[in-house]
Amino acid sequence: MSPSDAVSALVGSKLRIALLGVLVLGGAVGGAFTLGILGVPSVAAVDNTFGNVTNETTEIETDLVVSNPNPVGIGLDGVSVNYTVSMNDIEIAQGGREGVRVGTGNSTVDLETHLRNEEIPPWWVSHVRNGERTALDIEATATSDRLGRGVDFSQRREIETDLLGAFNSDETRPVNADSPLMSDPVLYVNETRGEWGTVSESETPIEMAFTVYNPNIEPYAVTEIGYDITMNGVEMGSGQTEEGYVIPSHSTETVEFTTALQNRHLDDWWVTHLDEDVRGHQVTGLRIEFYAVIEFPGGEEVTVPLDDLTYEETIETDIFGEGDDVRDGSDSSGSEDGSNSEDGRSETDGGTSDDGNTTDGENGTDSDGGTSENETDDGSGDGTENETDDGDDDGGVLPL
């Protein structure tokens, strides 16, 4: 064999060996996927934030982190990812993508979906019916198109609100008519109570009760109590009672009536709740104003604004746990088995937020308020002392 023939044979042999090595390696990797020796890509985390909001839709921006445990990237057939976001089992967002190319380790897939604002009223109904609690569930799946197998990921946040808690008060407040017919105060309201009624698809009733004391020597009649409810300035409901009450001299009477939020206005409120320029991102100011029509013994009627009974509450939420820019929340993270649970709570003014024990984004709510003393003539010859929890807003978050 000539020297040139020997060199050709040697080079050809090396090329064949190299080609064989590549084929063997490719077959080994493919076989490893098929046999399950190499891992199936999974979803490591799902982070959502609210984007642009219009009168009709709310943009939800999602960073979905795909974890590839293998030493090689996946590019030919890729990975399919799908996810849904639900609040109290009401689906508010769904998205996905096919043929995602992922390298080794973690890769972030940016997705965008839109929530129809008309879904907010049904969610609100479920929230109130569930004791002002919402379970936010995120379900995601990463599927290897090559293997036809996938790994599920789930995440849950608990959202709580307390819109009416601070309305329940034993504080005594005077009712002044500012009328030359009688000296003020004409009445005292010694107690206020409020709770949700039976919620329907169209309205959210609030059952209210005022304990009213008449310090005068003659009975007064409250012929009407009216109310106006706004949330971030959006008119949510107004009305008046159809039944009158007579408050005997030096006696108390419980005046009961029902107010109601009209659910058809909730999608308009939702836009303001997410608008940073209104009160801040995911912040709402609830306001309920009252007036009373009082009939004096001589038959004269006076409409009296019940300014001291005006109820105001600030509601802050952090639905997706977006972090300190919204509230004292936390970052979302996933575990290797694709499961993660978080509790996110909201707070209202008058409470103090304490961090939870083990999971990020979990806040308990403690009441830490001061006391105020109020004295009034209750017909017994001495004053009554009432204690109320005022609380301080520490910048924490309630929940909607």
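## Ring pairs

Rings of Phe, Tyr and Trp (for Trp, its six-membered ring) make a pair when their centres lie within 6.5 Å; planes under 30 degrees apart count as stacked, over 60 as edge-to-face and the rest as tilted. By that rule, this predicted model has 14 aromatic pairs. One of them joins Y220 and F296 edge-to-face, at 5.3 Å centre to centre with 65° between the planes. Y220 belongs to strand β11 (residues 220-231) and F296 to the loop between β15 (283-295) and β16 (301-305), so this pair ties together parts 76 residues apart in sequence. Both Y220 and F296 are buried, where buried means under 20% relative accessible area, exposed over 50% and partly exposed in between (1.4 Å probe, protein chains only).

F257 and F290 also pair edge-to-face, at 6.1 Å centre to centre and 80° between the planes. Here F257 sits in strand β14 and F290 in strand β15, so parts 33 residues apart in sequence get tied together. F257 counts as buried at 5% relative accessibility, and F290 counts as buried at 4%. There's a cluster too: ring pairs link F50, W123, W124, W196, W269, W270 and F320.

Helices (H or I, at least four residues) and strands (E, at least two) are DSSP runs, numbered from the N terminus, and two strands pair if DSSP finds at least two bridges between them.

β2 (residues 57-68) pairs with β5 over 12 bridges, and D63 stands opposite D110 in β5.

## The four-stranded sheet

Another open sheet is made of 4 strands in the order β8-β9-β10-β14, again antiparallel. Strands β9 (residues 187-196) and β10 (residues 203-214) are joined by 8 bridges; Y188 has Y213 in β10 as its bridge partner.

## Ground rules

Residues are numbered from 1 along each chain as its sequence is written, and side-chain values use heavy atoms, leaving out hydrogens and water. Since the model is predicted, local features need pLDDT of at least 70 and side-chain atom pairs count only at pLDDT 80 or more, while totals for chains, interfaces and linings use all residues.
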